[in-house]
Amino acid sequence: MSDAEIITIEGKRIKFSNPEKLLWPEAGIRKIDYLARMIELAPYILPHSRDRLLTTIRYPHGAGGESFFQKNAPEYTPEWVKTHTWNNVSYILLDSLPTLAWLVNLAVMEFHTSFNTWQRENHPTSIVFDLDPSEGQRFEDVAEVALLVKQTLDSLSIISYVKTSGATGLQIYIPVGGRYDYDEARRINEFFGRYFSQKYPGKITIERKIEKRGSRLYFDYLQMWQGKTIAMVYTPRATDHASISMPIQWDELEKGVHPEDFTLNNALERLKKKGDLFAPLLEDLVQESLDSLLAYARM
């Protein structure tokens, strides 16, 4: 392959440049390898990205190099790439294999999506607990807190799903199918954040200032909001290992897993065995009612 060639995917012509460029040098993944991996993962990625406002992080020189966020679709976006304008920003909708391949060519190495679909702009589809380790904490500390959260949710008969962020954290999803608007969802999330930080004051904090967190894990209830995003399920991350944000089973977390266990190079093999553990989140019928908790939080 030359420095730039035209590839055709599902009838769409895409200029693909610098195929031999190493995007993940430590993992030995070239741009052409990245394209191949993402084409393989597309059946798992696209159902979760479809209809969500996309924010990308581009790494023109690969992992470890300079990067930049991109919300607005660039002027050179092909006409066949679907977009949706919200709040004066033209967001790309990642809903097809050609769009995914075009973004790969732009050296998009991380995909972050909105908590809501564009059709329900004020209603997140899940309540999301974003668990971020503080400086000096290990992933095992994050896992410990996530399992404590799971115990409480189980005691309330609330179904939850967990995934690695692909970096250092974990994210817990409670499917609500757009049942609550962002104000209500924020109130529920804050209620849980305050509850857990009070129940486990030595382990969990909702303190926004990094210097005041100490060695406690940050329960980020503020991230889930209209216009904000989260690393979407199955997105790669610009880490040395080319790790991926991967859904995991709760018993896997109990036994011990690490974010670097799931990479671009082995994700497909796992998905063929386990399937899409986040598939239930795609169904509106899977709704957890948190009405009683919301009423309590309003008191």
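## Getting oriented

Helices here are DSSP runs of H or I that hold at least four residues, strands are E runs of at least two, and both are numbered from the N terminus. What you're looking at is a predicted model, where local features need pLDDT of at least 70 and side-chain atom pairs count only at pLDDT 80 or more, while totals for chains, interfaces and linings use all residues. Numbering starts from 1 along each chain as its sequence is written, and side-chain values rest on heavy atoms, with hydrogens and water left out.

## A helix tucked inside

Let's start with helix α2 (residues 97-105). Nine of its nine residues are buried, so α2 is largely enclosed by the rest of the structure; "buried" means under 20% relative accessible area, "exposed" over 50% and "partly exposed" in between, using a 1.4 Å probe and protein chains only. Among those buried residues are Pro98, Trp102 and Leu103.

So what surrounds α2? Its buried residues pack against α1 and the strands β1 (4-9), β2 (12-17), β5 (52-58), β8 (89-93) and β9 (108-117). After the helix comes Ala107, with a positive phi near 65 degrees.

## How α1 meets two helices

Two packed helices are described by the angle between their axes and the distance between the axes. Axes are lines fitted to C-alpha atoms, for helices over the stretch in contact, and angles run from 0 to 180 degrees between N-to-C directions. With α2, α1 packs at about 145 degrees, the axes being 10 Å apart. Lys31, Tyr34, Leu35, Met38, Ile39, Ala42 and Leu46 of α1 meet Leu97, Leu100, Ala101, Val104 and Asn105 of α2; contact means heavy atoms within 4.5 Å.

α1 (residues 31-49) also meets α6 (residues 267-274): their axes come within 10 Å and cross at roughly 45 degrees. That makes α1 oblique to α6 (under 35 degrees is roughly parallel, over 145 roughly antiparallel, 65 to 115 roughly perpendicular, and the rest oblique). Here Glu40, Leu41 and Tyr44 of α1 touch Ala267, Leu268, Leu271 and Lys272 of α6.

The structure has 11 aromatic pairs, meaning rings of Phe, Tyr and Trp (its six-membered ring) with centres within 6.5 Å; planes under 30 degrees apart are stacked, over 60 edge-to-face and the rest tilted. Tyr195 and Phe196 make an edge-to-face pair, 5.3 Å centre to centre with 70 degrees between the planes.

Tyr195 is partly exposed at 33% relative accessibility, whereas Phe196 is buried at 0%.
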